[in-house]
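Subject: Handover of a structure

Hello,

I am passing this structure on to you, with my notes below it. Please look through the structure first and then read on.

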Amino acid sequence: MSVVSPGAYARVLTNPFIVLGLPPNASPAEIERQGQRLLLQLGAGRDGAATYVSPVGPGTRTPDLVRWAVDQLRDPRRRLFHELWAGVPPR
Amino acid sequence: MSGFPIGLIWLIVVLYRAYANSRGSEPAAPRRVGGASTGSVLSRPLSIDGRHLLVWFVGSVAVLGALAAARNAPVVATLVLCATSVALFPWLLTRYVLIPLKWRRASSALARLALWTFRHDPGAGPMLAEALVLTRKYPAPEREIARLESRLCEPTSRTMRGASITAHGLLAMSKGQFDRARWAFESLEMLHPLAAPAVARRIGSRFRMATAAASGDWKSLERLAAGYGRLTRSAWFYGALARWHLGRRTIPLALWLRVTWALAPGRRRSRAWLNAAIAGRRTSEGDAEKPAMLPEWSHAVIAPFDEALRRHAALAIARDGPAASEAWRACAAAWRAVFDDHRSSEHVKERGRELGVVKLEEALGLFGSSVRHDLASEARRPGIDHEDLSAGGPVGSWVAAYLIEEDLRDIEFRVQAIEERQRAKTILPIGDVWLEVAALHTKFEESAHRLGEPFVCAACPVIGGVVLNHAAEIYNNRGERPIANATFRWLARCAERAGNAELFRICDENGALGF
């Protein structure tokens, strides 16, 4: 994993947890389920699935972005990185 | 009889010059301007200022003669008046009649007569007029662009000066090459005032101020407007606009903003800025009591991460200019609090162990590095300068060091390209040679403004030797003295700022040779 800065805006907007609309403490099963659900909804052309809310404004959700987000969160090391950027919740 | 005093003055200047030159029996050395001893108007070579007064002298005599001779023939008198007004005010007619009408050939022909306007760059008027016509055509015809480009590149006995450089910049604008245009216009600052006609400097200054206003870099705009106040009326408007956006919002300034907008040229284009400023005042008055809201997260986040993430998102959506500067400082301070907080660090490590992350320290280091890289990337935005980086504590120092290294790499790359071409003895058109130096100048000044003296001290030795030799080669072998002189003068200023006495001495001596 290299450190290439996409800029603060893209960093927040494309955080996998924010893309999937999940909290950072979501379980791996929840992540996979949410990914499948969103891909089905995007495939069916449901309007609500194509956009998501982020702290920097609305983002556009695409099937590729959803697949990338799920893939990022499968690796524990990457997941920790994205959890930190999504905001670690208190215990 | 109104023409007589002008003619008399011209006669006195000629006689004075003849007397001054005849005092020594030996032939005088070729005179140059722009060196250390340029002297007063009277001691300058006659070719610089004096000979063009002949046009007004002859013109005035012609008008008086026509009025006296054709007293009973108003049509003839009117025709003579029209003809002499074309001869007396060619640039005025070109700039305000022919160029807006987009008459390329007529503009070019009439600009050829504008000897006084282009006295500091003789012969470049037609090309500048054509380039101005092209910027008004959208889309600009490619054939006309190519023709002008080839004319600018073909070798001539004329040296490259301000008007030719401006024509290059305008041509780049017509081709949509914004960076090239910026390099050309910013390089006008390097030239000696006697090597750049005021009309060229005016176009360059308007471009620079409009660019700063478009990017919301109000601090730079204020600085530029203060420097160009005597050159163009636009500077008054841009100066007022910058002060307005920097927070000095008073009723007299609002009035002054409207007055200067009405006085400035290009009102249609600058109306949007005036409207946005006035609308901003109304919004800010309405929301004066409300504190600025930071972006919110949908779930609870451990402290001090919550503040840092909110500040990071706020920086991402902050507008360029003072807002970005303030957001950057706050963001850097918030991340500093995160890096100093051991409790949250332990919390994160525990979470890493839960996830089964191997080499946890390395993973956390990567996160810290991503924060710093984001801050470095945001620090390139307009409005953020070395003062913000200094206020950023250790994070700001890291960002400054990182940006210095990155910018130095870019400068080194450009200098190496010049060095390799010098070694290979490749000859490029003089326009391209100058734009290469101009690009280096723009990059250097931009980085020096953002990163301050540490960058200047680091970059000066990188640029110094190679560019000095390059400028000497341009001066000696290609005879392009005005641009070589500009390079010497710029290098001397860099050396002075960096405290490099040896480089300063050489550049200063070379600059004093004039052009």
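**Notes on the structure**

With a relative accessibility of 0%, Ile483(B) counts as buried, because buried here means under 20% relative accessible area. Please keep in mind throughout that this is a predicted model. Ile483(B) sits in helix α24 of chain B, which covers residues 481-498. Apart from neighbours within four places in sequence, Ile483(B) is in contact with Met160(B), Ile165(B), Leu191(B), Ile430(B), Trp434(B) and Ile474(B). As for distances, Ile483(B) and Ser270(B) are separated by 213 residues in sequence and by 33 Å in space, C-alpha to C-alpha.

**Chain A**

Chain A has five helices and two strands. Their order along the sequence is α-α-α-β-β-α-α. The radius of gyration of chain A is 13 Å, close to the 12 Å that the globule rule gives for 91 residues, so chain A is as compact as a globular protein of that length. The C-alpha trace of chain A spans about 35 × 30 × 25 Å along its principal axes.

Of the 91 residues in chain A, 49% count as buried. Chain A exposes about 4,400 Å², and 56% of that comes from carbon and sulfur atoms. If we take the contacts in chain A between residues at least 6 apart in sequence, 62% of them join residues at least 24 apart.

**Where the chains meet**

The size of an interface is often given as the accessible area lost when the parts come together. Here, chain A and chain B bury about 2,900 Å² between them, with 68% of it on carbon and sulfur atoms. Which three residues supply more than any other three of the area that chain A buries against chain B? They are Arg77(A), Trp85(A) and Arg91(A), which supply 24% of that area. Counted by residues, 27 of chain A are in contact with 37 of chain B.

One residue to look at on the chain B side is His347(B), which lies in helix α18 (residues 342-355). Setting aside neighbours within four places in sequence, His347(B) is in contact with Val88(A), Pro89(A), Pro90(A) and Arg91(A), and also with Ile302(B). His347(B) has a relative accessibility of 16% and counts as buried.

**Backbone points in chain B**

Most residues other than glycine have a negative phi, and most peptide bonds are trans. The following places depart from that pattern.

- The peptide bond from Tyr138(B) to Pro139(B) is cis, with omega near -5°. Pro139(B) is in the loop between α7 (125-136) and α8 (142-153).
- The peptide bond from Ala303(B) to Pro304(B) is cis, with omega near -5°. Pro304(B) is in the loop between α15 (267-286) and α16 (305-317).
- Lys359(B) is not a glycine, yet has a positive phi of about 50°. Lys359(B) belongs to the loop between α18 and α19 (360-378), and at 60% relative accessibility Lys359(B) counts as exposed.
- Lys425(B), also not a glycine, has a positive phi of about 55°. Lys425(B) is in the loop between α21 (393-424) and α22 (430-451), and is exposed, with a relative accessible area of 70%.

Regards

How values were computed. Residues numbered from 1 in each chain as written. Chains lettered and ligands numbered in written order. Predicted model: local features only at pLDDT ≥ 70, side-chain atom pairs only at ≥ 80, totals over all residues. Heavy atoms only, no water. Helix = DSSP H or I, 4+ residues; strand = E, 2+ residues; numbered from the N terminus. Rg over C-alpha atoms; globule rule 2.2 N^0.38 Å. Buried < 20%, exposed > 50% of the residue type's maximum accessible area, 1.4 Å probe, protein only. Contact = heavy atoms within 4.5 Å. Areas by Shrake-Rupley, 256 points an atom, 1.4 Å probe, with all protein chains shown as cover. Buried area = accessible area lost by both parts, 1.4 Å probe.
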